[in-house]
Amino acid sequence: MNINTDIVIVGSGIAGLYSALNIPEKYSITIVTKKALSDSNSALAQGGICVSKGEYDIKPYIEDTLKAGKYENDIDAVTTLVKESKENIDKLIEYGVVFDKEHGNLCYTKEAAHSTNRILHVKDETGKYIMEALCQKIKLRKNTLILENTLCADIIENKNSCHGIIALNNNIQYSIHSQFVIMATGGIGGLFKNSTNKRHITGDGLSICKKHNIKLKNLNYVQFHPTALYIKDSNDRRLLISESVRGEGALIRNKKGEHFIDELLPRDVVANAIYAELNSSKEECAYLDLSTMEPKYIKNRFPYIYKECLSHGIDITKEYIPIHPVQHYFMGGIEVDLNSKSSMEKLYAVGECSCTGVHGANRLASNSLLEGLVFSKRAVNDILSKFTEYQVPYETESFKASSMKLAETELFNTAINLFKDVIGEKKNELVNC
C-alpha cells in the first residue's frame, strides 16, 4: 500500500505528538507507532517536567544540567533547552495540562542535583496527564493519519536523503512517501532485562540509522535509575519510584537501617553507591524510607506509587520500599544539531532516540519531557522553513520488507549488537548477553 504524505512521524511519545501539533493543519501528517497511540514511555513519567522560573533561574538551571552531565553536555543545546522552556510549558497548559497548584500558584518540586525547586508536576503521574492532553488534541486533527500497531522497518533513502519510510502492519506493507521524516522512536529499555521502560521500546530508530550509516553518538551513555521497586525474579517492567519522593524527603537505607548516601546527588552517583553497598553487604536490595512524611501527605502527593506498592503488599506509609537500580534512560542516540536534524538530509530525530547533547553523560532529573518539547518544536520550525511544493515520490517498488515479526527481530538484534561492546560492566543487563 502506497501513501503520499508531507511529513512522517515515527513514534507517539511526547516528542512525536508535540511535533505533529506544531505542524500547521494545511500539511498532511502520518504518525506510525509500534503499539497504541497512548502506549509510550512518556506516559510513565512520574516526577514532572522542568521549567526555568524566570531570568534569575536561567544560569543556575544551566549549571545544574551541566554539573549532572559531568560537563560533557553541549552548552548551546543546554542554553536552548533552558531559555525555551517556559514557552513550551505554556503551550502544554494551553493544551489543557493542569499542573498541581497551591493557593492558585503553580507548585514546584525538587529532585536530585537541582539547586532549587523548578519541577512542575501532576501528582506523581505527570507524563500520563500530559500524554492524555496531547492524544486528545491530535485525534481532533483532520490532517493526521494515525497508523497504530505498525512497525517502521526501514527508511526510503536516495543519495543520503530521506524520502519516507517502509512500515509493516501484520501482512500489510506500507510505502509511505514524504518530504520529511521525524524519528521519535524512544529509548532502549526493552533491550535490558531490568528497566523502567515499556518492553517494546527497543531502539528501532537507532537500528535503522545504523543500517544507513547515519551518525550515532554516545552509545555508552546509558542511565540507571537508583530507585525502582525491587521484586525478586520479576521479568516485568520495573516500577519507578520517582526521584521526587527523595526530593520530598525520603531516605535511602541498607537492610540494617543505616543511611549511606546523600539521596539528592546525581542519579549515576546514587545508583553506583547502592550497587557498591549491595556488593559489600551481599544483600539483594536497598530500601527507601518515607517516614519523614506524614501518611496523608504520601497518599495525596504520591497516589500512584502508593497504590502500585500496595498491590505488591507494601504499605509505603508504614514500611520501607525495597529498591534496586535499573536501566532507565539513554543519553546517546541519533546525532542531531540544534534543530534536531540528523546527518541525513530530510531526516530529523527528537526525544530519547536523539542525541542533542543536552544531557551530557548523565541526565538531570525531569529534563527528558522538556527536551522532547523544545527540540521537536525546533525540528518542525526547521522543516517548515525548507518545505517546498510536493515532489514526485522516490521510486521504491523494488523494496520488499520482511514479515513484521522478522523485521522486528532484525531491528532488535541490530540494537543489541550496538550496545554489546560499549556499556562496560552493565553489559550483563542486556537481553541475550
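I started with Asn170, which is exposed, with a relative accessible area of 56%. I'm working from a predicted model here.

Where does Asn170 sit? I found it in the loop between β10 (162–169) and β11 (172–177). I then checked its backbone: the phi of Asn170 is positive, about 55 degrees, although the residue is not a glycine. I noted that down because most residues other than glycine have a negative phi.

Next I went to Ser340, another residue that isn't glycine, and its phi is positive too, near 70 degrees. Ser340 belongs to the loop between β18 (333–335) and β19 (347–349). Is Ser340 buried or exposed? I looked it up: Ser340 has 0% relative accessibility, so it counts as buried, the cut-off being under 20%.

Then I turned to the strands on either side of Asn170's loop, β10 and β11. Both are in an open sheet of 4 strands, ordered β1-β11-β10-β9, and the pairing is mixed. Which strands are at the edges? I wrote down β1 (2–4) and β9 (151–157), each of which pairs on one side only. From one strand to the next, the twist averages 25 degrees.

β1 and β11 run parallel, joined by 3 bridges. For Ile3, I found that the bridge partner in β11 is Ile176.

Last entry: what packs on this sheet? I found helix α12 (residues 404–419) there, touching β9 and β10. The direction of α12 makes about 75 degrees with that of β9.

Definitions and conventions:
Residues are numbered from 1 along each chain as its sequence is written. This is a predicted model: local features need pLDDT of at least 70, side-chain atom pairs count only at pLDDT 80 or more; totals for chains, interfaces and linings use all residues. Side-chain values use heavy atoms; hydrogens and water are left out. Helices (H or I, at least four residues) and strands (E, at least two) are DSSP runs, numbered from the N terminus. Buried means under 20% relative accessible area, exposed over 50%, partly exposed in between (1.4 Å probe, protein chains only). Two strands pair if DSSP finds at least two bridges between them. Axes are lines fitted to C-alpha atoms, for helices over the stretch in contact, and angles run from 0 to 180 degrees between N-to-C directions. Contact means heavy atoms within 4.5 Å.
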